[in-house]
Amino acid sequence: MACSANKSGSGKVDPEILQKLTTKYVLLQKSDSKSLTKKYLTQELFEKLKEKKTKYNMTLLDCIATVLDNHDSSVGLYAPCPDSYDVFGDLFDIVIEDYHIGFPKSAVHPPMDWGEASDLQNIDPNGKYVISTRVRTARSLKDYPFNPGLSEEQYKEIETKVTCALCQLTGDLRGQYQPLYEMSDDEMNKLIDDHILFKGGDRFLESANAYRYWPNARGVFTNPPKTFIVWVNEEDHMRIISLQQGGDLAGVYKRLADAVKELDRRLEFCKHKRFGYLSMCPTNIGTGIRASVHIKLPKMSQNEAKLNEIAGRLNLQIRGTGGEHTESKGGVLDISNKRRLGVTEKEVIKEMFNGIQELIQLEEKS
């Protein structure tokens, strides 16, 4: 199920695109941006890549548009299509190596291995700290570009293929698909508030051209208790999510693993020989797994710098409860694994489990 062969597109890059790219790149270099893209996209590398195109006619501008418009972007790099990882590999490789610590150019992502959910335990059996547990992964369909490169017809094709596969699921994975454009504002806002539905308006994705034709061909699939969710054509072709209240990590993880295995029998996913499963964002490749908890750590959260330092040592990432680029509310934190590449699914989940356990122990000792 590997992606098709990667080849550069034919023809030259449009002069207007080159002019826009060059002008904005100069401004980025003069800025105080701390992004990984600015750090590694030297003038020499810029000159080497600026006139390249993928077979989907995606250019360097499509890859770095988000940081050119948003100098505060932390990574600043998106893949508009699977080929970008190779055509612009000189940039992607070094950014990936920096973000996914311990994954040099010689490294290869290991084969998929979900392990046994029964090896896990409840992450907070007394229910004192963990409010909810969530594990998700990203998947992209083979032979399609990612959001910035999709035509309206391709968006619809992906929606049809994905929803047909989802409607064949059984048991506790059985559910219903709701297109975004059919939802009322009240229904949409309720689902967003409950962390069931994605929302538009992210300026980083907007700059990356990921919101074209919005809200067409976007939607959400949910089972009745809303413990299994699939976002269709949000940032990725599919975001497959398992979640529930409390700290039953084993149950949440098993549901996700079962769903992915079933969908893998019905859909062809895009996979890279080195990077594993591909996503629009290079932070979400490999396993594509983000295992997280909404957790109350009132004592430790008073010292944000120290908490971030400990989280970094444990390979954890701290975000606001509204997702990326949001702040915490009421002292509740969203804490997840940072490593997704170069490790198996079972290693990701075990590392996250161990890290959260240590944070809880430190909170109790504070």
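Q: Before we dig in, what does contact mean here?
A: Two residues are in contact when they have heavy atoms within 4.5 Å of each other. Keep in mind, too, that this is a predicted model.

Q: Good. So what covers the buried residues of H6?
A: The cover includes helices H2 (36–40), H3 (43–49), H4 (60–69) and H5 (84–87), along with strand S9 (316–319).

Q: And which residues of H6 are the buried ones?
A: Helix H6 spans residues 89–99, and its buried residues are Gly89, Leu91, Phe92, Asp93, Val95, Ile96 and Tyr99.

Q: Let's switch to the nonpolar cores. How many residues are in the largest one?
A: The largest nonpolar core has 58 residues. Val135, Met238, Ile240, Ile295, Ile356 and Leu359 have the most contacts inside that core.

Q: Which helix gives the largest share of this core?
A: Helix H10, residues 249–264, which contributes 9 residues to the core.

Q: What else lies apart from that core?
A: Another core, of 42 residues, lies apart from it; Tyr25, Phe88, Ile96 and Tyr99 are among its members.

Q: What about aspartate 334, which residue does its side chain meet in a salt bridge?
A: Arginine 290, at 2.5 Å from N to O. Asp334 sits in strand S10 (residues 332–337) and Arg290 in strand S8 (residues 290–296), so the pair ties together parts that are 44 residues apart in sequence.

Q: Are those two buried or exposed?
A: Asp334 counts as buried, at 4% relative accessibility, and Arg290 is buried as well, at 5%.

Q: And arginine 266, which partner does it have?
A: Glutamate 262, with 2.9 Å from N to O. Here Arg266 is partly exposed, at 32% relative accessible area, and Glu262 is partly exposed too, at 27%.

Q: How far apart are the closest N and O atoms of aspartate 194 and lysine 190?
A: They are 2.4 Å apart, in a salt bridge. Asp194 is partly exposed, at 36% relative accessibility.

Q: Last one: which residues are linked in a network of salt bridges?
A: Glu235, Asp236 and Arg239 are linked that way.

Definitions and conventions
Residues are numbered from 1 along each chain as its sequence is written. This is a predicted model: local features need pLDDT of at least 70, side-chain atom pairs count only at pLDDT 80 or more; totals for chains, interfaces and linings use all residues. Side-chain values use heavy atoms; hydrogens and water are left out. A nonpolar core is a set of buried Ala, Val, Leu, Ile, Met, Phe, Trp, Tyr and Cys residues joined through side-chain atoms within 4.5 Å. Buried means under 20% relative accessible area, exposed over 50%, partly exposed in between (1.4 Å probe, protein chains only). Helices (H or I, at least four residues) and strands (E, at least two) are DSSP runs, numbered from the N terminus. A salt bridge is a side-chain nitrogen of Lys or Arg within 4 Å of a carboxyl oxygen of Asp or Glu.
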